[in-house]
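Thanks for passing this one along. Here are my notes, in numbered points, for you to read beside the coordinates.

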Amino acid sequence: MKQPSERVFLAVDFGTSSMKVALITLGGQVLGWESVPVQLYLTPDGGVEQSPVEWWQAFLTAAKRLMSRGLASADNVQAICCSTQGEGTVPVDQNGNALMNCVLWMDMRGAASLKKQFKGLVNPTGAGLLNTIRWIYLTGGMPSMTGKDPAAHMLLICDRYPHIYERTYKFLNVLDYLNLRLTGRFTATFDSIMTSWVTDNRRPDQIHYHPALVRRCGVEAEKLPEIVPCTTVLGPLLPAVAAELGLSSRVQVVAGAIDTTAAAIGSGAVEDGVPHLYLGTSSWIAAHVPYKKTDVVASLASLPCAVPGRYLLTALQATAGGNLTFLRDKIIYNKDELLQEENIPDIFKYLDKIAARVPAGANGVLYTPWIWGERAPVEDKNLRAGLFNLSLHNNREDIIRAFLEGVAFNTRWLMAPVEKFIGHPIPAIHIVGGGAQSDIWCQIISDVLGLQIKQVADPIYANAVGAAWIGAAGLGEITFRDVPSLMRFKQVYEPDPANHALYNQRFEIFTRTYRQMKSIYQQLNG
C-alpha cells in the first residue's frame with residue numbers, strides 16, 4: 001500500500017466502552033482505525049469505575065497495532081490529540097501514578113457529600129440558593145445533584161477515602177490523565193475542568209479558577225491542575241512513549257477536548273449558530289455561540305469549548321441509541337431460554353431494513369425513550385421509557401420503527417429551547433455519531449423535525465476527526481474557519497411533507513404523554 005505523503009495526526013477517541021485510535025489526514029480522511037475494549041467495574045457500594053492503567057495499556061495496544069499497518073509513515077505523524085469521555089475523576093500522586101480507579105460519569109456515590117458541602121438556608125436546588133446563583137453567574141451551570149460530576153467525585157474521595165485524598169497531588173479528568181501519560185504535564189483544558197465547577201467562564205479565552213468557588217468546593221486549591229486552552233501544544237511526546245509507538249520524539253501533543261467539544265469540531269458545525277446532532281448511546285444538539293448564557297428552565301447552557309472566543313451550547317438527551325442497545329440485548333437477544341442463537345448478527349443494519357418498510361407513525365405505536373431519566377428539555381431522573389397504543393394488529397416491526405421515531409420526537413422536543421437560545425430558526429442540522437450511519441433514522445429525524453439533515457461522511461469518526469483538527473489548529477496548520485471547507489457529506493435528507501404533517505400530530509401526543517405520565521413516574525421511581 002502506498003503511504004500518503006501529507007501530514008497526518010494520531011487521534012484518540014476514548015469513550016466509556018472502548019479506546020479507539022485513528023490516523024487522520026489534515027483534510028479529515030481517516031486512513032485507519034483500531035479499537036480496544038475497556039472494562040467497566042461496578043462496586044458493591046454502587047460505584048462505577050474504570051482502571052486508568054487499563055486505559056493506558058489499551059491506548060498503547062491500539063496505537064501500536066495501528067502504526068504497524070503501515071498506513072502512514074511514522075515521520076509524517078505531526079501530533080497526537082485526544083477526545084475522551086468527560087466527568088471522570090482520577091487522583092494521581094506527584095509521580096503521575098493513579099491512586100485508585102477513575103470515578104466515572106455514571107457514578108453517583110458523591111451526591112450525599114456534594115449536598116452536605118453546598119446546602120444553604122434557602123435550598124431549592126439541593127445546593128443552596130446563593131451557591132446556585134454564584135455558579136450560574138460565574139460558570140454558566142452548576143453541579144449535578146446526582147453526584148455525577150467531578151465536583152462530587154472529589155468530595156467523595158475526600159470523605160470516604162481520606163488516605164487517598166491526602167496522597168493526591170492533582171485531581172485529573174479522563175482527558176487530563178491521558179495527556180499526563182503522553183507528556184508528563186499535569187493540566188486540564190477549558191472544557192475538561194468545567195464540571196469541577198470552580199472556574200470563572202465569563203471570558204471565553206481566559207478561563208481561570210475563581211478563588212471563591214475554589215474555597216467553597218471543599219478541595220485544596222493546590223490539588224487542582226493548571227488550565228490550558230484545548231489547542232495548547234503541551235510539548236513533545238515523552239521519549240519512552242515515542243519509542244514504544246515507533247514515533248519520533250518530535251511528535252507534539254495537543255491538549256485536545258472532551259467528546260462533546262471534539263464532536264462539534266468534527267461535525268463541521270463551527271460557525272455561530274450552526275448546530276449538529278450527535279446520535280450515539282446518548283444524544284445532544286450543540287452549536288457554537290459568541291455569548292455565555294444559561295436557560296435554567298430548559299437545562300441549557302453555553303460553556304467553554306475549543307473555538308477561540310466562543311462557547312458551546314449543548315442540549316443533552318440522556319439516552320438515544322442506548323434504546324436500540326436495550327432493544328437488542330434485553331428484548332430481542334436477552335440471554336434466557338428463548339434465545340436460540342448465541343452469535344448475534346450485526347443487528348442494527350437489520351433494524352434499519354425492518355424500520356424502512358414500516359410506514360411513518362409505526363402503525364400507531366408510540367415510544368417514549370426516557371429509559372434512564374432525562375436531562376433536557378426537562379431534567380427528571382424519574383422518567384422511564386414506555387410503549388403506548390399497542391394492539392393485536394401491531395408486531396415487532398412496528399415497535400422497531402417506534403423506537404427510532406421516539407428518539408426523533410425527543411430531539412424535536414429540544415429544538416424549541418435551542419432555537420430560542422440561539423435566537424433564530426434552524427434550517428439544517430449536521431448529524432454525526434454511530435446512529436447517524438442509519439439512513440432511515442436520518443430520514444425519520446428530517447421528517448419529524450421538518451428540517452434538512454446533513455449526514456456527515458463516516459459520521460462514527462466525528463470525535464476522532466475533531467481531535468485531529470484541534471491538533472492541526474494547535475500546530476497552526478489550519479484555523480477553525482477552515483473546517484467547513486474540509487467537510488464531506490454522505491447525503492442530505494429533506495423532510496417528506498406528508499410524513500411531517502403526520503409527525504406534527506404525533507409530537508403533540510408525545511409531549512402530552514410526558515405531562516400526563518410524569519406524576520406516575522414520580523410515584524413509581526421517586
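1. Gly 364 counts as buried because its relative accessibility is 18%; here buried means under 20% relative accessible area, exposed over 50%, and partly exposed in between, with a 1.4 Å probe and protein chains only. Gly 364 sits in the loop between α11 and β21 (366-368); helices (H or I, at least four residues) and strands (E, at least two) are DSSP runs, numbered from the N terminus. Leaving aside residues up to four places away in sequence, Gly 364 touches Phe 388, Asn 389 and Arg 506, where contact means heavy atoms within 4.5 Å. Trp 55 is 309 residues apart from Gly 364 along the chain, and their C-alpha atoms are separated by 45 Å.

2. A word on the source. This is a predicted model, in which local features need pLDDT of at least 70 and side-chain atom pairs count only at pLDDT 80 or more, while totals for chains, interfaces and linings use all residues. Residues are numbered from 1 along each chain as its sequence is written, and side-chain values use heavy atoms, with hydrogens and water left out.

3. Searching the whole structure turns up three cavities of 30 Å³ or more. A cavity is a set of points on a 1 Å grid, over the protein atoms alone, where a 1.4 Å probe fits but cannot get out, and its lining residues have an atom within 4 Å of a point. Grid points are joined across faces, edges and corners, and a volume is the space filled by probe spheres set on the points.

4. What lines the largest cavity? Its volume is about 130 Å³, and its lining has 14 residues, of which Gly 28, Val 456, Ala 457, Val 465 and Arg 488 lie nearest the centre. Nine of the lining residues are nonpolar, three polar and two charged; Ala, Val, Leu, Ile, Met, Phe, Trp, Tyr, Cys and Pro count as nonpolar, Asp, Glu, Lys and Arg as charged, and the others, Gly among them, as polar. Helix α14 (residues 462-474) gives the most to this lining, with three residues.

5. Helix α14 deserves a look of its own. 12 of its 13 residues are buried, so α14 is largely enclosed by the rest of the structure; among the buried ones are Asn 463, Val 465, Trp 469 and Ile 470. Its length agrees with expectation, because 13 residues at 1.5 Å a residue should span 18 Å and the end C-alpha atoms of α14 are 18 Å apart; the expected span is 1.5 Å times one less than the number of residues. Just after α14, Gly 476 has a positive phi of about 80°.

6. Two non-glycine residues are worth checking for backbone geometry. Asp 458 has a positive phi of about 50°; it is found in the loop between β24 (452-456) and α14 and counts as partly exposed, at 43% relative accessibility. Trp 197 has a positive phi of about 60°; Trp 197 lies in the loop between β10 (187-189) and β11 (199-200) and counts as buried, at 6% relative accessibility.

7. The second largest cavity has a volume of about 70 Å³. It is lined by 13 residues, and Pro 150, Phe 171, Leu 172, Asn 173 and Ser 196 are the closest to its centre. Two or more of the lining residues come from each of α4 (150-160) and β9 (170-172). As for α4, eight of its 11 residues are buried, including Pro 150, His 153 and Met 154. The cover over the buried residues of α4 includes β7 (90-92), β8 (102-103), α2 (111-118), α5 (162-167) and β9.

8. Finally, the largest nonpolar core: of its 48 residues, Leu 300, Val 418, Ile 429, Ile 431 and Ile 445 touch the most other members. Such a core is a set of buried Ala, Val, Leu, Ile, Met, Phe, Trp, Tyr and Cys residues joined through side-chain atoms within 4.5 Å. α12 gives the most to this core, with 11 residues. Val 418 touches Ile 285, Leu 300, Leu 313, Ala 315 and Ile 426, not counting residues up to four places away in sequence.

Conventions. 1 Å grid on protein atoms, 1.4 Å probe; cavity = no way out; pocket = protein on both sides within 12 Å on 5 of 7 lines; lining within 4 Å.
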